[in-house]
Amino acid sequence: MNYNINNKGYYGEFGGAYIPEMLYPNVEELRQNYLKVMAEPSFKKEFDQLLKDYVGRPSPLYFAKRLSEKYKTKIYLKREDLNHTGAHKVNNTIGQILMAQRLGKTRIIAETGAGQHGVATATVCALMGMECIVYMGEIDIARQAPNVARMKMLGAEVRPALSGSRTLKDATNEAIRDWINNPVDTHYIIGSVVGPHPYPDMVARFQAVVSEEIQWQLKEKEGTDKPNYIVACVGGGSNAAGAFYHYLEDTNVKLIAVEAAGKGVNSGESAATSVLGREGIIHGSKTLLMQTNDGQITEPYSISAGLDYPGVGPMHAHLYKSGRAEFISITDDEAMTAGLELSQLEGIIPAIETSHSLAIFDQKKFKENDIVVINLSGRGDKDLQNYIDYFKL
Amino acid sequence: MNRIQSKLQEDKKLLSIYFSAGYPNLNDTVSIIQNLEKSGVDMIEIGLPFSDPLADGPTIQASSTQALENGMTTQILFDQLKDIRNSVSIPLIIMGYFNPMLQYGVEDFCKQCQEIGIDGLIIPDLPVDVFNEQYKTIFDKYGLINVFLITPQTSVERIQFIDSLSNGFIYMVSSASVTGSSSGFGDEQTSYFKRIANMKLKNPQIVGFGISDHKTFKQATQYAKGAIIGSAFIKYLSKHNLDAIEDFILNIKN
């Protein structure tokens, strides 16, 4: 079976571009050019240079000794938390801003939930001197004040999304409407492997640097480029797409996608899309999404703002349906506990999104010789207030 | 011949009105349709509300949200429309986003439409090629016309492709915008209207987005067969009783 995208823009039956005609020229321009642009030597050179000198890549692959001892297996952490701006998100925004420049765009828009992608976008816009508008749900603006301030300090305009549930999905709707209204000069930097084709594939390719590095780093440390397992959390799914990318077709490497169960999968307050979702269309992509019987998109819940998206990227929908990846749901409580544990065993405070990946050891047992690579997708600075409130620190 | 096709053959400029089903009140649907026909409207687009209407501006978003809060569902809409052909004879089109139709089942949805006497569908986020490959035969089976959109950015080749797949009219979006955001037409729109008229397409064009009053209706229909009013009508509905619909329509027609 093929786990990558086909020439029509689908992963299995998922993906495609279910967009209004008003968006067709923008998306089509991108579709026709993205692979060509990414293959240009000058593009590759600039992308690699920025990832090295500006982002700080390669990010280390760190053997977590004490964590490994505790769970009696070999655990490696891919340290995306050490990237500039504190998460894997910047790999994609660097790629897309270079893409926007090559396509002659002068104005950048983005959506953001917790603000991490918004900050990563505002950062590269400052770097390139481009106008930057970030749409953010009114509710998220109120609960993520530090990231709003960071975006403003970086010169971006943060526009509140006032419609619907006033969170990430509505911010995405507003960004899409902006793109409809500004079809010529604007590039929309989507933050995850979601949206109409070619976005899921383009974002996955920009994030693929994560698994490319895992291959040679693991070879250096273990004499093999193949771990037994790769673990990553999935909201939209960009860090997982990056960590899985070069292993998609190698079924000896098992893939584990970790979703946010919120207060419990059946509690009514959850973001476990693979369990609770059905096939449908969200933000231009056919995929799994949480919805009512009537096809209205519902609002997910997770303590982690980066995982409460009602859909999942089409690549992950295919990995789920085909059985290529195992999907595990982790509750708020399990994630918070695992975040504290990593802090105290390894001296690394993870983002709450990432804490979900670290919490799988109660549900999933590994052999002593198994090599388990966990994508440590982000650092916990942004979540400090949440940790403080939760643990009464 | 489908009611839309017959209507398009009439020697007049057509006025089409869009409203969100279930707004302002859940059970206003039939009464709004009857009032619109009585007022001399030529065609009606019944909006099936959706939680995430990507191509719509604030007015239609708000009416759609309100309709959902009022309890509107696909099945309730079909139930409301069950006997509509006993009292209404102008063409009726359902306009909505694809996901609710997909969840209802595209074939079941089309079958219901045929049984009720719906003449066509407008589904902004169902791409032309997907429709052509997967759904065209179903639409044809139930005698439904699918209406596609074009915009000022749509290429000549694509307009010709869309024209070749259409068998009713082409929904001509007046400018690069979501619904309800324009105020008046300038030279840019006029030259776009002219350019499309000069293409001599086999399907007539009906202009939508940005038409709100007599003046913009006249401008839009100078080169096109008709025009669609949505947001302006919904705004009017938010402030007036249903029996005042006639005044709104008379003002458009002058």
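Author: **The domain contact**

Start with chain A: 34 residues of its domain 1 are in contact with 34 residues of its domain 2 (contact means that C-beta atoms, placed from the backbone, lie within 7 Å). On the domain 1 side, the elements giving two or more residues are strand 2 (14–15), helix 4 (89–102), helix 5 (116–128), helix 7 (145–153), helix 8 and helix 9 (199–207) of chain A. Helices (H or I, at least four residues) and strands (E, at least two) are DSSP runs, numbered from the N terminus. By class, that side of domain 1 of chain A splits into 15 nonpolar, 16 polar and 3 charged residues. Here Ala, Val, Leu, Ile, Met, Phe, Trp, Tyr, Cys and Pro count as nonpolar, Asp, Glu, Lys and Arg as charged, and the others, Gly among them, as polar.

Quick housekeeping: this is a predicted model, where local features need pLDDT of at least 70 and side-chain atom pairs count only at pLDDT 80 or more, while totals for chains, interfaces and linings use all residues. Residues are numbered from 1 along each chain as its sequence is written, and chains are lettered from A and ligands numbered from 1 in the order in which they are written.

Where do the domains run? Domain 1 of chain A takes in 12–50 + 89–203, and domain 2 of chain A takes in 56–87 + 208–391 (bounds from an automatic or database domain assignment). Over C-alpha atoms, the centres of these two domains of chain A are 22 Å apart.

The axes of helix 4 and helix 5 of chain A come within 9 Å and cross at roughly 45° (axes are lines fitted to C-alpha atoms, for helices over the stretch in contact, and angles run from 0 to 180 degrees between N-to-C directions). So helix 4 of chain A is oblique to helix 5 of chain A; angles under 35 degrees count as roughly parallel, over 145 as roughly antiparallel, 65 to 115 as roughly perpendicular and the rest as oblique. Helix 4 of chain A passes helix 5 of chain A in a right-handed crossing (left-handed if the near helix is turned anticlockwise from the far one by less than a right angle, right-handed if clockwise). Helix 4 of chain A brings K89(A), V90(A), T93(A), I94(A), I97(A) and Q101(A), and these meet Q116(A), H117(A), A120(A), T121(A), T123(A), V124(A), C125(A) and M128(A) from helix 5 of chain A. That contact between helix 4 and helix 5 of chain A divides into 7 nonpolar, 6 polar and 1 charged.

Next, the sheet in chain A. It is an open one with mixed pairing, built from 6 strands in the order 3-4-14-9-10-13 (two strands pair if DSSP finds at least two bridges between them). Strand 3 (61–63) and strand 13 (325–331) of chain A stand at the edges with a single partner strand each, so one side of each has no neighbour in the sheet. From one strand to the next, the twist averages 25°. Strand 9 (residues 229–233) and strand 10 (residues 254–262) of chain A run parallel and are joined by 5 bridges; A232(A) has A257(A) as its bridge partner in strand 10 of chain A. Helix 10 (residues 209–222) of chain A packs on this sheet, touching strand 3, strand 4 (74–79) and strand 14 (371–376) of chain A, with its direction at about 40° to strand 3 of chain A. Helix 14 (residues 332–346) of chain A lies across strand 10 and strand 13 of chain A, running at about 90° to strand 13 of chain A.

Two backbone spots deserve a glance. Most residues other than glycine have a negative phi, and most peptide bonds are trans. The bond from H197(A) to P198(A), though, is cis, with omega near 15°, and P198(A) sits in the loop between strand 8 (186–189) and helix 9 of chain A. K392(A), a residue other than glycine, has a positive phi near 50°, and it falls in the segment after helix 16 (384–391) of chain A.

Finally, step out to the other chain: 25 residues of chain A are in contact with 31 residues of chain B. Helix 8 (168–181) and strand 11 (278–282) of chain A each supply at least two residues of that side of chain A. The largest share, 6 residues, comes from helix 8 of chain A, a helix that turned up on the domain 1 side above as well.

Conventions:
Contact = placed C-beta atoms within 7 Å.
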